[in-house]
Amino acid sequence: MSIWLNIFYPPPPSAFVAAMSVISCASLAHSGLSEVRGRHLQYSKFWNTGRPSDDARRACISSRAGMLLLYTPALASAAASFCVLAGERSLLLGLALLLHFFKRDFEVLFIHQYSGNMMLDSTIPISLSYFLSTVCMIYAQYLTQGVPEPAVDLKYAGVVLFLVGIVGNLYHHCLLSKLREKGDKRYKIPKGGLFRLVICPHYLFEIIGFIGVSLISQTVYAFSFTTGTVFYLMGRSYATRRWYLSKFQDFPKEVKALIPYIY
């Protein structure tokens, strides 16, 4: 318990935050397991992985519109957080969330190259998840106002990890965008950066960024959400590597899914 109190703020007297801490982690971990089992959230290269007869009856939207729908509500909630948050740690958290989702929308509009659509029944729950997790993280931080700080202050280490994560993620997204000329919808084996070691370095840096957010926040909810995100991205990266192995005979077998030399 003493170690717990050294690192985390005490759990707030809020049944909503406690429930969402469990739900966020469990639902994301379940989604990661579903990816491993071949039941994918239908975006990016997995957008049309359902049965053709089922997909024909389901609504889809363009990938650009779908991606904007994923991130913009969370961006708006992060921007609104400055109306309620106060104090250095809280403002750093709000700024990190704002930068994260602003970068996401910027990439959607100016960096990503698209080759398919998004199923609306995958887009809506993902968008809702991002929005609710952002709101819950902000609310959990708001409830720490007036509460003594954890004995071990990790917020500056969190800022460093967040910046490493957001820059590394952006860099590898730029490498992915350069694989295809405009109008070319063919997938290719990514090269450059950490792609020589793992097929999803952008996921690895996203995890680093969210660990940074958790250290800035030091709330139980932030760590719970980050843990669930790790499990989801582990599953998604495993499925991505399996997809590349099935599509490209010359895919280098030594390239791992997410963690160099390990996984």
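**Charges, fold and selected residues**

Author: This predicted model has 25 positive and 14 negative side chains in its chain, and the centres of the two sets lie 7 Å apart.

Reader: What order of helices and strands does the chain follow along the sequence?

Author: The chain contains nine helices and two strands. Read along the sequence, these elements give the pattern α-α-α-β-α-α-β-α-α-α-α.

Reader: Which radius of gyration does the chain have, and what does the globule rule give for 263 residues?

Author: Taken along the principal axes, the box filled by the C-alpha atoms is roughly 55 × 40 × 35 Å. The chain is as compact as a globular protein of its length, because its radius of gyration is close to the value from the globule rule. The two values are 19 Å for the chain and 18 Å from the rule for 263 residues.

Reader: Of the contacts between residues at least 6 apart in sequence, what percentage join residues at least 24 apart?

Author: Of the 263 residues of the chain, 46% count as buried. The chain exposes about 13000 Å², with carbon and sulfur atoms supplying 68% of that area. For contacts between residues at least 6 apart in sequence, the share that joins residues at least 24 apart is 82%.

Reader: How many aromatic pairs does the structure hold, and what is the angle between the planes of tyrosine 187 and tryptophan 243?

Author: The structure holds twelve aromatic pairs. One of them is formed by tyrosine 187 and tryptophan 243, with a centre-to-centre distance of 5.1 Å. Edge-to-face requires planes over 60 degrees apart; the pair of tyrosine 187 and tryptophan 243 is edge-to-face, with an angle of 70°.

Reader: How many residues apart in sequence are the parts that this pair ties together?

Author: Tyrosine 187 belongs to the loop between α7 and α8 (201-217), whereas tryptophan 243 belongs to helix α9 (residues 220-247). Tyrosine 187 is partly exposed at 25% relative accessibility, and tryptophan 243 is buried at 14%. The pair therefore ties together parts of the chain whose separation in sequence is 56 residues.

Reader: Which residues do ring pairs link into a cluster with Tyr187?

Author: Tyrosine 187 and tryptophan 243 form an aromatic pair. Ring pairs build a cluster in which Tyr187 is linked with Trp243, Tyr244, Phe248 and Phe251.

Reader: Is leucine 175 buried or exposed?

Author: Leucine 175 lies in helix α7 (residues 155-177). Beyond its neighbours within four places in sequence, leucine 175 is in contact with Lys191, Gly192, Gly193 and Phe195. Its C-alpha atom is 9.9 Å from that of histidine 112, a residue 63 places away along the chain. Because buried means under 20% relative accessible area and leucine 175 has 18%, this residue counts as buried.

Reader: Which residues does serine 63 touch, not counting those up to four places away in sequence?

Author: Serine 63 lies in helix α4 (residues 63-80). At 7% relative accessibility, serine 63 counts as buried. Residues up to four places away in sequence aside, serine 63 touches Tyr114, Gly116, Asn117 and Met118.

Reader: How far apart in space are serine 77 and leucine 132, C-alpha to C-alpha?

Author: Serine 77 also has its place in helix α4, and at 11% relative accessibility it counts as buried. Leaving out residues up to four places away in sequence, serine 77 touches Phe131, Thr134, Val135 and Ile138. Serine 77 and leucine 132 are 55 residues apart in sequence, and their C-alpha distance is 9.1 Å.

Reader: What separates the C-alpha atoms of threonine 219 and leucine 197?

Author: Threonine 219 is placed in the loop between α8 and α9 and counts as buried at 4% relative accessibility. Apart from neighbours within four places in sequence, threonine 219 has contacts with Phe8, Tyr9, Ala140, Gln141 and Thr144. Leucine 197 is 22 residues from threonine 219 along the chain, and the C-alpha separation of the two is 33 Å.

Reader: What value is phi of glutamine 218 near?

Author: Glutamine 218 is found in the loop between α8 and α9. Its relative accessible area is 0%, so glutamine 218 is buried. Phi of glutamine 218 is positive although the residue is other than glycine, and the value is near 55°.

Reader: What value is phi of tyrosine 261 near?

Author: Tyrosine 261 lies in the segment after α9. With a relative accessible area of 66%, tyrosine 261 is exposed. Tyrosine 261 is a residue other than glycine with a positive phi, near 70°.

Definitions and conventions:
Residues are numbered from 1 along each chain as its sequence is written. This is a predicted model: local features need pLDDT of at least 70, side-chain atom pairs count only at pLDDT 80 or more; totals for chains, interfaces and linings use all residues. Side-chain values use heavy atoms; hydrogens and water are left out. Helices (H or I, at least four residues) and strands (E, at least two) are DSSP runs, numbered from the N terminus. Buried means under 20% relative accessible area, exposed over 50%, partly exposed in between (1.4 Å probe, protein chains only). Contact means heavy atoms within 4.5 Å. The radius of gyration is taken over C-alpha atoms; the globule rule is 2.2 Å times the number of residues to the power 0.38. Accessible areas come from the Shrake-Rupley method with a 1.4 Å probe; for residues, only the protein chains shown count as cover. Lys and Arg count as positive and Asp and Glu as negative; His and the chain ends are not counted. The place of a charge is taken as NZ of Lys, CZ of Arg, CG of Asp or CD of Glu. Rings of Phe, Tyr and Trp (its six-membered ring) pair if their centres lie within 6.5 Å; planes under 30 degrees apart count as stacked, over 60 as edge-to-face and the rest as tilted.
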